Amino acid sequence: MKHHWQLHLSTILLAGSAGAVSAQDALKEIDFHGFATQSYLYSSENNFFGESSDGSFDFFELGINTLWAPTKKLKLAVQAVARDAGNTDDGSIRLDYGFLEYQLLTTSSSNTGIRVGRVVNPLGFYNESRDVAATRPGTLLPQSIYFDVNRNLALSSDGVFIFYDKFSEQNDLSFQLSIAEPRTRDPDLEPALFGTSRPGSLEGTTSWLGRVLYEHDFGKIRLALTAADLNLEYQPKNDPIIRDGDLSFQPIILSAQYNTEKWELTTEWARRKTELTNLEVLPDWKLAGTSYFLQAAYRISNSLTVQLRYDSLVWDNDDKKGEEFASNPFYPYPGYTRYAKDWTLGLRWDINQHLLISAEVHDIKGTGWLSLLENPNPAAMEKDWRLFAVTASVRF
Amino acid sequence: MLAVYKQDKSINNTQRIAFSKKYALIGFALTLLLNTSFSGAVEESSSHIDESKENSGQRKESIVVITNLMTQEESIAVHNLRSIFAMRLRRWGKEDRLEVFVLPDDHPTHSSFTKSILHTFPHNLRRIWDRRAYSGTGQLPNVVSTEEEMIEKVSNTPNSIGYVTKHHYRDSAKVVELER
C-alpha cells in the first residue's frame, strides 16, 4: 500500500550514481496530494454555507496539489481547489496557489528563500491550509478571524514572498514577508463592503503581509505576530453611483498556543482596521474592530478529541452592540448584525492519517459573520441561533 | 436593481455546477476510501498487535535511528533530527535531499520514537507535516507499514533515514549515533 505517492522511478539505478543530478533524480522529486471534505450543516435560524435552516449538504471542498523539486534549490508548487459553500462559493475550480520557490541559503539549522507567484498568506495559525479539514481546529474555522465569506482574499495573494527559518536546540523562528496583490474574486466581497453587489469590480493593489512565528521545544509553545496592509481598489466600469473607492484593510493578529500530550490551548486576538475612502458620493468610513477566540482541546484517546471554543467578533469597537448602527435610517439593519459571540463544542475522530470525521454544535448570539448573499434581508436574521455541523474528510 | 438581477442569475449557474461537482466528489472520496484507507488500516492494525505483544515494556531503550550504508555522517544532534523528521529540513552535514521513512501514526514504535527520541507526539508531527504539505511548502515523509519494510527501504534508498526497534535491526543499514 502506498501512503505516499512518490515516484521512485529508479532508486536502484541511482544507488550506483549517487550525487549526479540526472533526469531520473529530478523526476523522483514529485509529490501529489489531495483532499476531499463533505459537510452537513443545520441551523435553527439563519443560513450559513447553503440553506442550512433546512439542512444543507452544500459545503464541500475538493483539492489536489503537486510539489516538484527538480533541483536542490528549486521547487514548483501548485494546488487546484473546487469548493462550494452555499452562495458564498460556487464549486468552480480555481488555482489556490502556484509558485516557484528558490532556496537562497540552506544550512543544517536554517533555511532562507524566496517564493514568486500565487502563495498562501501566512495569517495567524490556521490560514495556510484552511481548506484541509484535518488542519482546522474543528469543522469550521473560528469565524471572527478566519472569515469564510472572504476566503479567497484571505487565503493567498499574487506577488513575492521572502522566508527565513532558523532552527536551534529549543527555539525555532520563522519569518515571512510578502509584497503582493490580494485576490478579490469572492462573491461575497462587494456585499460585505457596499451592502449589495455592484456593477464594477474590486481589484487588488500593492499590499504587504508579514508574520513572525516563534516555537519553543518543537511546538510545545507557539507564538505568532501577523501584520498586514491589504489594499483594494474599486473599478466602477458603468456603476452609476459609486465612481471610485479605495479599501485598506490592516489587521494585526496575536496568536498563542500551548501543547501537551493531552491538551492543546489556543488563543488568537485580532484588531482589524478597515478604511473605505475616495468614494466621492458617499462619505469615507473607518472602522476598528476586535476579534478573538479561546479554545481548549482535550485528547481523550489517540483518535478522539473534544474541543470547546468561545469566539467573539465585534465590527466596530466604538459601537460594540451595533446600537448606533441600527439607528441609521439609510441602513435598516439590526444592531446584532454587527457582532457575533459563538460558543462551540466539538468532537473529532481521526480514524487514521487519511480519514477524519468531526462534528460540532454552535450556540451563537449575533449574526456578524453571516453572508448577505445567503441572508439577503438582514432585518429577517435572528439574533439567537444554533448551528450544527458534521464533516467527513479524506486526504492523501 | 441591476445588481440584484445579476446576483440571482449567478446563483442558478452556481447550483448547476455544484450539483455535478458533488457526484465527482462522492466518487473521488469513495475511491480513496476503498483504495488507500481501509486496506491500510486492516494491514497496519494486525501488524501492530504482534509487535506490541513482543515489545511491551522496554521499547524506549530499544529504538535506533538508521540510515543508508552510503551515508557519510555518523551522528546527529537531536534538534537536527527533529527538523529532519518534521520535514522542514532535508539537509544533514554533507547529505542533502534526505528521504525520510516513518511508520504509521498509530504504530507503537512510531509513538515511542516520537516520544522518547524526538520528545514530541505523533499528532504534533502529523500536524506539522499536514500544514506544510497542503500549503505547498513541504513534503510528507514516506510511510512504511512494518519495521521489516523500514529496514528494507532504508537499506536500498541512498540518502535515507528511518528508525526501528533494536531487534528488527539488520546490518544492511547503519545505526546513527545521537549527539546528546
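Q: In which element of chain B does Asn156(B) lie, and is Asn156(B) buried, partly exposed or exposed?
A: In this predicted model, Asn156(B) is placed in helix α5 of chain B. A residue counts as buried once 20 or more other C-beta atoms lie within 10 Å of its own, and as exposed at 12 or fewer. Asn156(B) has 15 such atoms within 10 Å, so the residue in helix α5 is partly exposed.

Q: How many Å apart in space are Asn156(B) and Arg97(B), C-alpha to C-alpha?
A: Along the sequence, 59 residues separate Asn156(B) from Arg97(B). In space, taken from C-alpha to C-alpha, the separation of Asn156(B) and Arg97(B) is 16 Å.

Q: In what order do the 6 strands of the open sheet in chain B stand, and which strands are at its edges?
A: The pairing within this open sheet is mixed, and the order of its strands is β2-β6-β1-β5-β3-β4. Two strands of chain B, covering residues 75-77 and 142-143, have a single partner strand each, so one side of each is left without a neighbour in the sheet; these edge strands are β2 and β4.

Q: Which residue of β6(B) stands opposite Ile76(B)?
A: Strand β2(B) is joined by 3 bridges to β6 of chain B, residues 173-179, and the two strands run parallel. Opposite Ile76(B), the residue found in β6(B) is Leu178(B).

Q: Which strands of the sheet does helix α5 of chain B touch?
A: Helix α2 of chain B, residues 78-85, lies across β1, β2, β3, β5 and β6 of that chain, and its direction is at about 85 degrees to β2(B). Helix α5, residues 147-156, also packs on the sheet, with its direction making about 150 degrees with that of β5(B), and the strands of chain B that it touches are β1, β3, β5 and β6.

Q: How many of the 8 residues of α2(B) are buried?
A: The buried residues of α2(B) are His79(B), Asn80(B), Leu81(B), Arg82(B), Ser83(B), Ile84(B) and Phe85(B). They pack against β6 of chain A, residues 156-167, together with β1, β2, β3, α4 and β5 of chain B. Because so much of α2(B) is buried, the helix is largely enclosed by the rest of the structure, and the count is 7 of the 8.

Q: Which strand of chain A is included in what covers the buried residues of α4(B)?
A: Helix α4 of chain B, residues 122-133, reaches 16 Å from its first C-alpha to its last, close to the 16 Å expected at 1.5 Å a residue. Its buried residues are Pro122(B), Leu125(B), Ile128(B), Trp129(B), Asp130(B) and Ala133(B). Their cover includes α2 and α3 of chain B and, from chain A, the strand spanning residues 30-43, which is β1.

Q: Which residues touch the most other members of the largest nonpolar core?
A: In soluble globular proteins, nonpolar side chains tend to be buried together. Here the largest nonpolar core has 99 residues. One of those with the most contacts to other members is Ile66(B), which, leaving aside neighbours within four places in sequence, is in contact with residues including Val154(B), Tyr163(B), Val164(B) and Val176(B).

Q: Is Asn159(B), a residue with a positive phi, buried or exposed?
A: Asn159(B) lies in the loop between α5 and β5 of chain B, and its phi is positive, about 60 degrees, although the residue is not a glycine. With 21 C-beta neighbours inside 10 Å, Asn159(B) is classed as buried.

Q: Between which strands of chain A does the loop holding Phe218(A) lie?
A: Phe218(A) has a phi near 60 degrees, a positive value in a residue other than glycine. Phe218(A) is buried, with 26 other C-beta atoms within 10 Å. The loop holding Phe218(A) lies between the strands covering residues 201-216 and 221-235 of chain A, namely β8 and β9.

Q: What is the radius of gyration of chain A?
A: The secondary structure of chain A consists of 5 helices and 16 strands. For its 396 residues the globule rule gives 21 Å, and the value for chain A is close to this, so the chain is as compact as a globular protein of that length; its radius of gyration is 22 Å.

Conventions
Residues numbered from 1 in each chain as written. Chains lettered and ligands numbered in written order. Predicted model: local features only at pLDDT ≥ 70, side-chain atom pairs only at ≥ 80, totals over all residues. Pairing = 2+ DSSP bridges. Helix = DSSP H or I, 4+ residues; strand = E, 2+ residues; numbered from the N terminus. Contact = placed C-beta atoms within 7 Å. Axes fitted to C-alpha atoms, helices over the stretch in contact; angles between N-to-C directions. Core = buried A, V, L, I, M, F, W, Y, C linked by C-beta atoms within 7 Å. Expected span 1.5 Å × (residues − 1). Rg over C-alpha atoms; globule rule 2.2 N^0.38 Å.
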